[in-house]
Amino acid sequence: MHGHDYRAGMRTSILGLGTAVPDGHLSQPVVRDFFASQPGTDRLARRLIGSVFDHSAIDSRYSVIGEIGAQHTLFTDDDGNLLSPTTGDRNALYRRDAPALSATAARTALARSHVAAADVTHVVTASCTGFFAPGPDFRLVQDLGLEPTVERYHIGFMGCAAAFPALRAATRIADAQPGSVVLVVCTELCSLHIRSSSDPEQIVASAVFGDGAGAAVVSSRAPSREGALFEIGDFSTAITSEGEADMDWTIGDRGFEMRLTAEVPRIIGREIRGVVDTMFPGVEDAAAEVDAWAVHPGGRSVLDRVQDGLSLVDSAMADSRAVLRDYGNMSSATILFILERILADDALADGADVVGLCFGPGLTVETAQFTRRASPAADEAAR
């Protein structure tokens, strides 16, 4: 299963990754108590809020709307009660705050890749938490000082799984146009769609989603710095036999509305073994051959079902659980936070197989294979 030797020729790779979160820090117990104290929340809803938040395996999240319950904001009144802004007002905050977060993550990815902004030839962005035009792709060109001739593509409203279609598109571009440098940026401001509700599905959404941005530099160019990178392997996509009504994301008058039923983890748990087995035809126990896993943490129960379905040891899920704990579910950006941790893990040997799994509306399963490599420059220096 181990991949290609760089000395035999350069393959398209992720040269560097970068992430960013807003300044507003959300402590999970504080957010729990805030929602439980909202006017009109009955005893049953308070009990459900306590249970969902306490069993989320999340300690903290980040938000562009600031500390939860802060007074005199678009989302709270003078008494700290949660308001319900219009979708237009929420989207105005997305337009204001998403570009800067995208640019911060992108600058980090470029710096770690030792790639100059002037060398970027393509931009691929992904987001499902806001809209504007000219959009996030255009703003990256402006904010980073990219060449105005850079080709731009935006992947919109594909939900939590969108990072892999974005990376897949970048890989196809880099393969087809040798020497190109593709900047991929996924930015999600999930907290803009916060709402007070006694609906169990909305309570789950309030307990798990946070804000963040992740960026990757994808290229078939030989890296110009020492350090680890990800050689990109195969991608796959699959739509499960059911689940279209169990995970969806639509636009309402008071923000975007997420439906995330209790069936989602069960469907994933039932289907995941077959999905992984098809990635490695002819391998009897494919899951056992993988060195590191990047699993999108849709929530604690999703990670539990994947771990059980693939018979993975606890250490295999450590990076995914750590990102869930520290940041929550940042939709499409989340998997890039996990890959960033794996790329920085020097305990992984050169040639380590890494498999990524993402889950999105549909219910869609997106997969990606990577090989963690020391760059040729580092390899030569070690000899």
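The model is a predicted one, in which local features need pLDDT of at least 70, side-chain atom pairs count only at pLDDT 80 or more, and totals for chains, interfaces and linings use all residues. Residues are numbered from 1 along each chain as its sequence is written, and side-chain values use heavy atoms, with hydrogens and water left out.

Now to the rings. Rings of Phe, Tyr and Trp (its six-membered ring) pair if their centres lie within 6.5 Å; planes under 30 degrees apart make a pair stacked, over 60 edge-to-face, and the rest tilted. Searching the whole structure turns up eleven aromatic pairs.

Phe-131 and Phe-157 make a tilted pair, because their ring centres are 5.4 Å apart and their planes lie at 35°. This pair links distant parts of the chain, 26 residues apart: Phe-131 sits in the loop between β4 (122-127) and α4 (136-144), and Phe-157 in the loop between β5 (151-156) and α5 (163-176). Helices (H or I, at least four residues) and strands (E, at least two) are DSSP runs, numbered from the N terminus. Ring pairs also join Phe-131 and Phe-157 with Trp-249 and Phe-256 in a cluster.
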